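Good morning, colleagues. I would like to take a few minutes for the structure now on the screen.

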Amino acid sequence: MDSILPAFARILVAAAVCWLNFILIDLFFRLPAGGGVVGATAIGTHIERGGGAIHGGYMMGNIVSSPDASAGTLLASCGVYIAGIPGGLLATFLVFIGNRICHDRGYAGTTGAITATFIVWGFSQIGFSPAEFIAGMVIAILTIQGISHRHSSRLLAYLWKVREG
Amino acid sequence: MTPQEAALAVCAVIAVYAAIRVALEPDTLRKLPFLNVLSFAVAGSIALLIPHPLSIVAAAAYFVGSTLESNAIASTYAGGLDRRE
């Protein structure tokens, strides 16, 4: 039984790790390039209309419309929390099925779930609980989708510009 | 407080916050990212509350279902099925 502060401090570290995992993989799989389905494009244009940046809006629309690396990270953390690496791989398979259900031909979600499975398992070997990664991923998605669409879309668009060179 | 309890507390607080943001956002399409945060928090809570192998399936089924609904709502608002594929 740890005291409250270290538990919450570990959740913040887990949030940073989850954030990097899903942002880097989503950028690698070109989620900000455009909407994968027409609904994702529409969410992007509405976010732009609210003062945001279009490519960040596309990525946020794509995250809403199909399980991407952020969902992969969350479900893999749940899987590792319950059943270790086999649980994470089961979650990865379910994310793959979820992508196909949502008309997503990409592999961002599946890749994110595989990398998250091994990252979360690795951190569980050095004193972190996989439960802290579940909460960390919820905080990470909150920073992108849940606080200010204007600012998060601009940040994502900036990262997209850096990735494009 | 165990790590599980701390994680569940974080998920619960964020779920309530996201629900309030969904309710307050006037633009339907811009409600959906807040709803996405709510789905993350609820899916995480399912796994934290029920540590059983089948709850991985339950959390994934809930999350994918919620994502598909958001996808359908957004695509319908954007002009319907004929342009989806």
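Let me begin with a question: are α4(A) and α5(A) roughly parallel or roughly antiparallel to each other? Please bear in mind that this is a predicted model. Helix α4 of chain A covers residues 69-101, and helix α5 of chain A covers residues 108-124. Their axes come within 6 Å and cross at roughly 165°. Angles over 145 degrees count as roughly antiparallel, and α4(A) and α5(A) are therefore roughly antiparallel to each other. The crossing of these two helices, α4(A) and α5(A), is right-handed. By class, their contact comprises 16 nonpolar and 15 polar residues, with no charged residues.

The largest nonpolar core has 83 residues. Among the residues with the most contacts inside this core are Leu75(A), Cys78(A), Ala91(A) and Ile134(A), together with Ala7(B) from the other chain letter. The element that gives the most to the core is α4 of chain A, with 13 residues. Ala135(A) also belongs to the group with the most contacts there. Leaving aside residues up to four places away in sequence, Ala135(A) touches Ile11(A) and, in chain B, Ala6(B), Ala7(B), Val10(B), Cys11(B) and Gly44(B).

That brings me to the interface. Here, 46 residues of chain B are in contact with 50 residues of chain A. On the chain B side, α1 (3-24), α2 (28-49) and α3 (53-77) each give two or more residues. Of the elements on that side, α3(B) gives the most, with 15 residues. By class, the side of chain B that touches chain A has 30 nonpolar, 11 polar and 5 charged residues.

Thank you for your attention.

Conventions
Residues numbered from 1 in each chain as written. Chains lettered and ligands numbered in written order. Predicted model: local features only at pLDDT ≥ 70, side-chain atom pairs only at ≥ 80, totals over all residues. Core = buried A, V, L, I, M, F, W, Y, C linked by C-beta atoms within 7 Å. Buried ≥ 20, exposed ≤ 12 C-beta atoms within 10 Å, placed from the backbone. Helix = DSSP H or I, 4+ residues; strand = E, 2+ residues; numbered from the N terminus. Contact = placed C-beta atoms within 7 Å. Nonpolar A, V, L, I, M, F, W, Y, C, P; charged D, E, K, R; others polar. Axes fitted to C-alpha atoms, helices over the stretch in contact; angles between N-to-C directions. Parallel < 35°, antiparallel > 145°, perpendicular 65-115°, else oblique. Left-handed = near helix turned anticlockwise from the far one by under 90°.
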